[in-house]
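Dear colleague,

I am passing on the structure we spoke about, followed by some notes on what turned up in it. Please read the notes with the coordinates open beside them.

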Amino acid sequence: MLKYSPLSYMQGISFPAIADGHGAMQLALQYQLDASQWWSADQLLAKQFEQLRLLLLHANATVPYYQRLFAENEVQVPDRIDAKFFQTIPVSGRLAIQQAGQALDSTALPSAHGAKEYDTTSGSTGRPIRFARTSVTRTFWFAFALRDHFWHERHFAGKLSAIRWYPRGVAEPPLGAPEAHWGVIVAPLFATGPACSLNVAATLSEQLKWLRDEQPDYLVSFPSNLIALVRYASKMGVTLPALLEIRSIGESLSNTQRQQIESAWKTRVVDIYTCEEAGYLALQCPVSGDYHVQSENVILEIVDEQGAPCQPGKIGQVLITSLHNFATPLIRYELGDMAEFGDPCACGRGLPVIRRIHGRKRSRLQLPSGESLFPYLGEHEDIPQLTGVKMHQFQCVQHSVEEIELKLVLERPLNADEQAKVRALMQRNLGHPFRVRFSFPDNIARGPSGKYEEFLSLIS
Ligand SMILES: [Zn+2]
């Protein structure tokens, strides 16, 4: 981190820099994160439990869902938390958290945590979860995003590009959206080069043309989109501009995908593991390539079907405890991903190692023209808002280039009128007049590999 010179905000002072309030807070956090990454696993755990105790006391005093959960299970927060006590706290599945609704809201958020801003996950199990962000959770989001830049020694003077999800009408091709700097996380602290974004709904040929025009140094996108782009470019015999690094976000990246992208584009791929409801979960180690849990932000457990901790090498369910969200606390919450711990890392960091993550996967939408698109599924609230029917789970399955099935877990099946409205919405979102049929199961299970896909293509 000390390789970078921060911007100074005081008149007449350039060195050493005096940052502004936000910058000073971020630099103060980085100073601590720089040290804590090298602590031993036991030291980290002790500090996590110290923070966890504050969260548990707060949840027990002000969050109806946890008041009830703790009372029913006779959980009493002790003066000192250890691993044995921690595992007596019941796991909260996604269904329970989804159903808790407003009972998950703290009735007395400390005012210093700032205003609440509600959001809904698009999630890896198709069960949208409503949660709040606060100034504190945003501050930590920024801090771990900065740590990722420092670990991978990115050159802020370079040009950053992103092909990601935006609502329709934003950052559309051919121009996308140009920006003067790298955005709210980096630019207030460091001088940066320009940035540019493109809506992932763009076709592969539009994306490729945009990349060749923009000539970025860095590219951020989803693994499913990157793979499709690599294949398309090689099929067309087109080479891509030289990139220093590609960052993959939002879906899980397999080793095969990583190798395909790296060998096609002759550049390294750096993956990050985040979730909307708790921010940064793990970052890729700059030395080994394994993932390090961001223990200063979350307690991440991997457990088997009986709820017992998995040893390194055994795949299990990911549970997270978000340490700083006092607005909608998530404690031993089943995220819906599967993962596997690894052995301690050769880099010397004490942050736990994850070797593999089996998270969200996404297929591409195939059109009759032979083109493929990143499926635009709209917002989770769209269907309930359109029909007035509460929705619990959602899955869109492509059976052929003409036919789509919508699997909806609803409080009641849709009538013909409502189906017609949702059909029109989906045809508009997917950008093609597909035949849309409906099914209304009681539950949508994970696939055979333990993964759940919000959009699933059955076309080989
Ligand atoms: Zn490492």
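Which side chain does E301 meet in a polar contact? Before the answer, please keep in mind that this is a predicted model, and that every value below is computed from it.

The side chain of E301 is joined to that of R332 by a polar contact of 2.8 Å. E301 belongs to strand 11, which covers residues 298-303, and with a relative accessible area of 10% it counts as buried, because the cut-off for that word is under 20%. If neighbours within four places in sequence are set aside, the residues in contact with E301 are F86, Q87, Q317, V318, L319 and R332.

One of these contacts, L319, deserves a paragraph of its own. L319 sits in strand 12 (residues 316-322) and is buried, its relative accessible area being 0%. The C-alpha atoms of L319 and E334 are 4.6 Å apart, although 15 residues separate the two along the chain.

Turning to the metal site, the zinc ion has as its protein donors C285 (SG), H292 (NE2), C345 (SG) and C347 (SG), at 2.1 to 2.3 Å. The angles among the 4 donor atoms run from 103 to 114 degrees, and the site is tetrahedral; for reference, the ideal angle for four tetrahedral donors is 109.5 degrees. Along the sequence the donor residues follow the spacing C-x6-H-x52-C-x1-C, and both C285 and H292 are buried.

Finally, there is helix 7, residues 204-214, in which L204, Q207, L208, W210, L211 and E214 are buried. Viewed down the helix axis, these buried residues fall within an arc of 160 degrees, and they therefore line one face of helix 7. In general, an α-helix has 3.6 residues a turn, so residues three or four places apart point the same way. The exposed residues K209 and D213 are carried on the face of helix 7 turned away from the buried side. Against the buried residues of helix 7 pack strand 3 (160-164), strand 5 (195-199), strand 6 (218-221), helix 8 (223-236) and strand 16 (372-373). Just after helix 7 comes Q215, with a positive phi of about 50 degrees.

Methods
Residues are numbered from 1 along each chain as its sequence is written. This is a predicted model: local features need pLDDT of at least 70, side-chain atom pairs count only at pLDDT 80 or more; totals for chains, interfaces and linings use all residues. Side-chain values use heavy atoms; hydrogens and water are left out. Helices (H or I, at least four residues) and strands (E, at least two) are DSSP runs, numbered from the N terminus. Buried means under 20% relative accessible area, exposed over 50%, partly exposed in between (1.4 Å probe, protein chains only). A polar contact is a pair of N or O atoms within 3.5 Å; within protein, one must be able to donate a hydrogen and the other to accept it, and residues adjacent in sequence count only if both atoms are side-chain atoms. Contact means heavy atoms within 4.5 Å. Donors are N, O and S atoms within 2.8 Å of the metal (3.2 Å for Na, K and Ca); water is not among the atoms, so sites may look incomplete. Four donors count as tetrahedral if all angles lie between 85 and 135 degrees; four count as square planar and six as octahedral if opposite donors are over 155 degrees apart and all others between 65 and 115; anything else is irregular. The arc is that of the directions from the helix axis to the C-beta atoms.
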